[in-house]
Amino acid sequence: MEKRAEDSTPRAAANFVLAAGLALASLTLPAAAATRRDPDWPCQQIKVPTISAAAIWSGPSLEGLGSWNTDQEVADLVEQLAARRTSLDEAQKLIDKFTDKAGAEKRARLVLVFAGVFEQLNKQRDEVLSGLARVAHRQASSADQIRAENHDFLELRGKTDNDPNKLKELGDKLDWDTRIFEDRSRSITYACEVPVLIEQRLFAIARMVEAKLD
Amino acid sequence: MQAELIRRRGIRRRSLLLLASSALALGGASPSLAYTAYVTNERDNTVSVVDLDKMQTVKTISVGQRPRGIVISPDGKFLYVCAGDDDIVQIIETKSQEVVGDLPSGPDPELLALSKTGDLLYLSNENDALVTIIDLKERKALAQIPVGVEPEGMGVSPDGKVVVNTSETTNMAHFIDTDKREVVANVLVDSRPRYAEWKSDGSEVWVSAEVGGTVSVIDPVKHDVTSKITFSVPGLRSEAIQPVGIRFTKDGKIAFVALGPANRVAVVNAQTHEVEKYLLVGQRVWQLAFTPDQKYLISTNGVSNDISVIDVANLKVIKSIQVGSFPWGVAISPE
């Protein structure tokens, strides 16, 4: 244990370098952000605020269709298609089955199905975007905190009569906060993929429904 | 591997027989030849091998990092793939479907084009503002030509005398004399030019501008932009229309332009320069390639991780085929 305690200063010093890098990143990124970056958007991907129906659908217009909720079979299908637990293979089967039984209004009902899935998946996507915005702000304040801790650590270490216990305490705190910051950064990288995954799903379903319109 | 090849050939032979017999039954309609499409997947560092007879991915080849530009030798024996983050061009033997060597490409190769004779490779080095010429037999670089910043598109003229290179940041099409190996003319186009394609009669070069949202039609003798093609899809923001890959039919009548995040391929009358139709393909459509008989046009769709097969005669998307992650470039076997 003592050995570990002895190691803590170099480790903290290494962390300092890392934290300094992070602090620098947090200083420079928002500067660039002022012109290019959105503070609500922590992802590398280009932010697409909403998916436009025209980008993924070349079927009839979704404007003025009325509610897709009033047709119970349509509403049930929308719910199943919008749920991410429904695989795309299952989605195809569900659409096939619905189409076979859709009757004379087949085309209009299929367009309603797509309108419903479009609305639901865009809603899911909005929630993910809001979540990402919250995380972006939390990371920005963590970076500020790490920068302040780093400053305190550096100041104490510079004093010849510093308290080694206090220095270790500051070093450990810096170590821990940096680790949390990095873990969160990694989760953000994964979370940033989610809007794209939803877009992919929406496009795939659009394609399946559109193929049934003819 | 050998067993798999034999099995695949067996399947191919059986399916050809089947096709031949069904063609006979249909009164002699000619069977389509089995072509293979090779698709670079930028994200997962692979090349997907797609059997266009079965319309499915039959194999995945591991390659270097960030594969993008891909071409196939005229005899169909070798593929050349830009592995941009590894700073090399890899050679894949199509028979064994394995990487058999590499070429000294210079840094960050992105797009490449073969000379008409098939013995030289022209490629753009994105980070170094250079076009490198490689002798394929000797596997060595013959020359490096300075061009604009972030060079990308490479189009070889039908007579092989001129290569047009586009530079993304300088916003120019650079005309390179292949004998002199120097830039002989620069033509300003719209923002972030991505791709240059010649009409088969050499009368026009079309250059797509991803950010500008246009295709510039250039007179290759006068080096003037003679017209600009714009695109518009109802309900879609103009920023979502980002032209990239271009292909002409052999008769020079139709051009196809991939429109990036508009998820569509535009069908353009190549004589009047009017857009006649938009085909919804897949997400972030990037590059295009015809089958040699021009029956099908293949598009790579980066975000939906698939390729679309367009029936050229009927101008219809008939199939999407899943490939790897972020498909970028595509080359199709000559037989």
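Which residues touch the most other members of the largest nonpolar core? Select B:L112 and B:V265: of the 128 residues in that core, these two do. A nonpolar core here is a set of buried Ala, Val, Leu, Ile, Met, Phe, Trp, Tyr and Cys residues joined through C-beta atoms within 7 Å. Buried means 20 or more other C-beta atoms within 10 Å of a residue's own, with C-beta atoms placed from the backbone.

Before you click on: this is a predicted model, where local features need pLDDT of at least 70, side-chain atom pairs count only at pLDDT 80 or more, and totals for chains, interfaces and linings use all residues. Residues are numbered from 1 along each chain as its sequence is written, with chains lettered from A and ligands numbered from 1 in the order they are written.

A second, separate core has five residues, including A:A143, A:F153, A:L170 and A:L174.

Hop along to α6 of chain A, residues 164-191. A:L170, A:G171 and A:L174 are buried there.

Finally, show all of chain B. You'll find one helix and 28 strands. Its C-alpha trace spans about 55 × 50 × 35 Å along its principal axes, and buried residues make up 50% of its 335 residues.

Methods. Buried ≥ 20, exposed ≤ 12 C-beta atoms within 10 Å, placed from the backbone. Helix = DSSP H or I, 4+ residues; strand = E, 2+ residues; numbered from the N terminus.
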